[in-house]
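Please examine the sequence and the three-dimensional structure shown below.

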Amino acid sequence: MRVLVGGGTGFIGTALVRLLKARGHQVTLASRTPGPDRITWDQLAKSGLPRCDAAVNLAGENILNPLRRWNQAFRKEVLSSRLETTQLLASTISKAPEPPKTWILVTGVAYYQPSLTSEYDEDSPGGDFDFFSNLVTKWEAAAKLPGDSTRQVVVRSGVVLGRGGGAIGHMLLPFRLGLGGPIGSGHQFFPWIHISDLVGILAHALEERHVQGVLNGVAPAPATTNAEFTQAFGAALGRPAFIPLPSAVVQAVFGQERAIMLLEGQKVIPRRTLATGYQYSFPTLEAALKEVVG
């Protein structure tokens with residue numbers, strides 16, 4: 001297949017492009033900068049969608065960048081980097097003379113309200129209680145296409161674990177030094193997925209015509225709390241992991257609104273993902289972490 005990938009140069013995009021090419025697909029990236037096998041967002045807006053069988057959007061500014069202050073300007077960037085690219089791809093798909101057969105968007109489990117007791121699957125309500133849940137609602141709405149000539153899939157991803165980037169990239173050094181530990185109370189749920197499985201779900205959704213609608217991109221293992229995750233991560237590295245990161249410090253670094261993403265969490269079940277027949281490579285935390293730090 002010819003697949004157009006928006007935001008294909010980031011941590012997840014690089015892994016997805018590698019997998020798609022290994023499976024014999026041709027990939028074109030939509031990105032800010034021109035280059036071989038690329039189309040810029042500006043070119044896309046001017047000349048429309050290049051011929052392709054599928055489009056995937058992974059574009060979006062990193063919300064948890066600790067070097068960026070959580071102010072109105074950055075909030076706007078977080079919003080526009082997701083909504084504008086998604087709207088642009090959706091409108092070029094709907095105007096294409098031969099639209100792609102499949103359109104996939106990756107959003108997040110921030111759609112579901114943090115809770116210590118609730119359990120969420122793909123049909124659970126959400127999307128309307130804070131900045132991030134509203135962002136996911138607007139983001140998914142921006143992707144909606146009229147009619148049904150293109151199959152539409154949304155993958156709501158958990159925290160992505162993988163070598164060389166994502167959450168692990170930020171956590172590796174303190175944990176290797178034995179300075180890691182639970183964040184806040186540690187009781188909050190920590191919905192996670194190994195990067196191989198997130199890109200595996202995307203490839204599965206591209207290739208299997210029966211897959212459509214919302215899929216939760218989280219591991220099928222029993223729900224993990226932040227304290228359990230930090231303990232398992234420390235064990236995988238052979239380091240102690242009991243120095244807690246107090247809530248006040250997290251709020252000072254990330255700002256109160258953004259700190260919620262680290263201090264609170266959701267118990268998310270990939271019910272529909274499993275029902276599509278996707279088989280996880282790393283269904284348990286131990287196996288995922290062993291691969292990540294190995």
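**From the sheet to the surface**

Strand β4 (residues 54-57) and strand β5 (residues 102-108) run parallel and are joined by four bridges. Within this pairing, Val 56 has Ile 104 of β5 as its bridge partner. The model is a predicted one, and the description below should be read accordingly.

These two strands belong to an open sheet of seven strands with parallel pairing, in the order β3-β2-β1-β4-β5-β7-β10. The edges are formed by β3 (38-40) and β10 (213-217); each has a single partner strand, so one side of each is left without a neighbour in the sheet. On average, neighbouring strands of this sheet are turned by 20° against each other, direction ignored. Helix α1 (residues 11-22) packs on the sheet and touches β1 (2-6), β2 (26-31) and β4. The direction of α1 makes about 160° with that of β2.

Strand β1 may be considered next. Five bridges join β1 to β2, and the two strands run parallel. One of the pairings is that of Leu 4, whose bridge partner in β2 is Thr 28. Four of the five residues of β1 are buried, so this strand is largely enclosed by the rest of the structure.

The loop between β2 and β3 contains Asp 37. The phi angle of Asp 37 is near 55°, a positive value in a residue other than glycine. Most residues other than glycine have a negative phi. Asp 37 is exposed, because its relative accessible area is 53% and the class of exposed residues begins over 50%.

In one of them, Arg 23 pairs with Glu 207, and the closest N and O atoms are 2.6 Å apart. Arg 23 lies in the loop between α1 and β2, whereas Glu 207 lies in helix α6 (residues 195-207), so the pair ties together parts that are 184 residues apart in sequence. Both partners are partly exposed: Arg 23 has a relative accessible area of 41%, and Glu 207 has one of 31%.

Another salt bridge joins Glu 61 to Arg 32, with the closest N and O atoms 3.8 Å apart. This pair also links distant parts of the chain, since Glu 61 is in the loop between β4 and α3 (72-95) and Arg 32 in the loop between β2 and β3, 29 residues apart. Arg 32, at 69% relative accessibility, counts as exposed.

A further salt bridge is that between the side chains of Glu 77 and Arg 68, at 3.0 Å from N to O. Glu 77 is partly exposed, with a relative accessible area of 30%, and Arg 68 is likewise partly exposed, at 27%.

Which residues does Pro 220 touch, not counting residues up to four places away in sequence? The residues touched are Pro 270, Leu 274, Tyr 280 and Pro 283. Phe 282 is 62 residues from Pro 220 in sequence, and the two are 9.1 Å apart in space, C-alpha to C-alpha. Pro 220 is partly exposed, with a relative accessible area of 30%.

Leu 179 counts as partly exposed because its relative accessibility is 49%, and a residue must be over 50% to be classed as exposed.

Notes: Residues numbered from 1 in each chain as written. Predicted model: local features only at pLDDT ≥ 70, side-chain atom pairs only at ≥ 80, totals over all residues. Heavy atoms only, no water. Buried < 20%, exposed > 50% of the residue type's maximum accessible area, 1.4 Å probe, protein only. Pairing = 2+ DSSP bridges. Axes fitted to C-alpha atoms, helices over the stretch in contact; angles between N-to-C directions. Contact = heavy atoms within 4.5 Å. Salt bridge = Lys/Arg side-chain N within 4 Å of Asp/Glu carboxyl O.
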